[in-house]
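This report looks at how parts of one chain pack against each other. Please keep the sequence and the structure in view while reading.

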Amino acid sequence: MVDKLREHLNRHLPRLGKKKIDVLVVNYVAKLGITLLLSVLGFAVSPDTPLQYVDHGVLQLTETFVSRLMTDLDNSDANEELKFSILKRLPESMEQRICHLWDHPISSACISRDYVRGLLEKHDKTKGSMFMERDEPGFRPEFLPLTFLTKILLDVEDRALNPFEEQENVDARFVEETALKQTLILLGFQDK
């Protein structure tokens with residue numbers, strides 16, 4: 001980490017000089033080691049106190065510490081509450097990376113919501129935003145997976161040809177009974 005940081009600073013800030021960059025890197029890493037050590041000790045003794053320090057800006061939650069904490073703690077009720085408390089204190093960019101480490105329904109929902117949001121943004125860039133436009137400005141759907149599915153189904157419905165438009169003598173009752181029977185067979189309520 002020291003070498004990568006030193007290389008990065010030398011590349012982007014060569015005017016500072018190598019000695020000043022070395023001092024910056026060493027001080028930064030020392031502070032980060034100290035912060036990690038205090039965080040680990042604090043959470044081992046009493047998880048509530050370090051969270052208060054984080055809230056007041058005395059301690060910072062580092063990605064290394066939080067990722068280690070998420071993998072080391074089991075999913076007992078007390079640890080789940082602690083993990084939620086930590087996640088809500090993280091910046092959004094770090095929260096998205098950390099969510100992938102925790103095997104929990106909430107983190108799975110975050111991951112799927114981000115994935116669907118990415119799909120919608122990609123779809124909007126390629127085909128335009130027909131479905132997202134509403135009367136209210138700034139409208140955003142609340143449940144993105146359902147919205148995405150609805151949009152896909154509406155697109156398929158618009159493209160699908162209606163086979164009954166050309167035929168005028170269609171027995172609607174027969175079509176309804178056939179569809180019902182096929183559904184019952186698929187669900188296993190009736191034999192073929």
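## Helix 4 against helix 5

Helix 4, residues 63-72, packs with helix 5, residues 77-87, at an angle of about 160°, and their axes are 11 Å apart. Axes here are lines fitted to C-alpha atoms, for helices over the stretch in contact, and angles run from 0 to 180 degrees between N-to-C directions; helices are DSSP runs (H or I, at least four residues) numbered from the N terminus. Helix 4 and helix 5 are therefore roughly antiparallel to each other, a label used for angles over 145 degrees.

The residues of helix 4 that take part are Val66, Leu69 and Met70, which meet Lys83, Ile86 and Leu87 of helix 5, where contact means heavy atoms within 4.5 Å. By class, this contact of helix 4 with helix 5 has 5 nonpolar, no polar and 1 charged residues, with Ala, Val, Leu, Ile, Met, Phe, Trp, Tyr, Cys and Pro counted as nonpolar, Asp, Glu, Lys and Arg as charged, and the others, Gly among them, as polar.

## How the model was treated

The model is a predicted one, in which local features need pLDDT of at least 70 and side-chain atom pairs count only at pLDDT 80 or more, while totals for chains, interfaces and linings use all residues. Residues are numbered from 1 along each chain as its sequence is written, and side-chain values use heavy atoms, with hydrogens and water left out.

## An aromatic pair

The count comes to 1 aromatic pair, under a rule that rings of Phe, Tyr and Trp (its six-membered ring) pair if their centres lie within 6.5 Å, with planes under 30 degrees apart called stacked, over 60 edge-to-face and the rest tilted. Phe84 and Trp102 form this edge-to-face pair, at 5.1 Å centre to centre and with 65° between the planes. The pair links distant parts of the chain, 18 residues apart, with Phe84 in helix 5 and Trp102 in the loop between helix 6 (92-99) and helix 7 (105-127).

Phe84 is partly exposed, with a relative accessible area of 32%, whereas Trp102 is buried, at 4%; buried means under 20% relative accessible area, exposed over 50%, and partly exposed in between (1.4 Å probe, protein chains only).

## Pro47 and Asn79

Pro47 and Asn79 are 32 residues apart in sequence and 9.6 Å apart in space, C-alpha to C-alpha.

Conventions
Helices (H or I, at least four residues) and strands (E, at least two) are DSSP runs, numbered from the N terminus. Angles under 35 degrees count as roughly parallel, over 145 as roughly antiparallel, 65 to 115 as roughly perpendicular and the rest as oblique.
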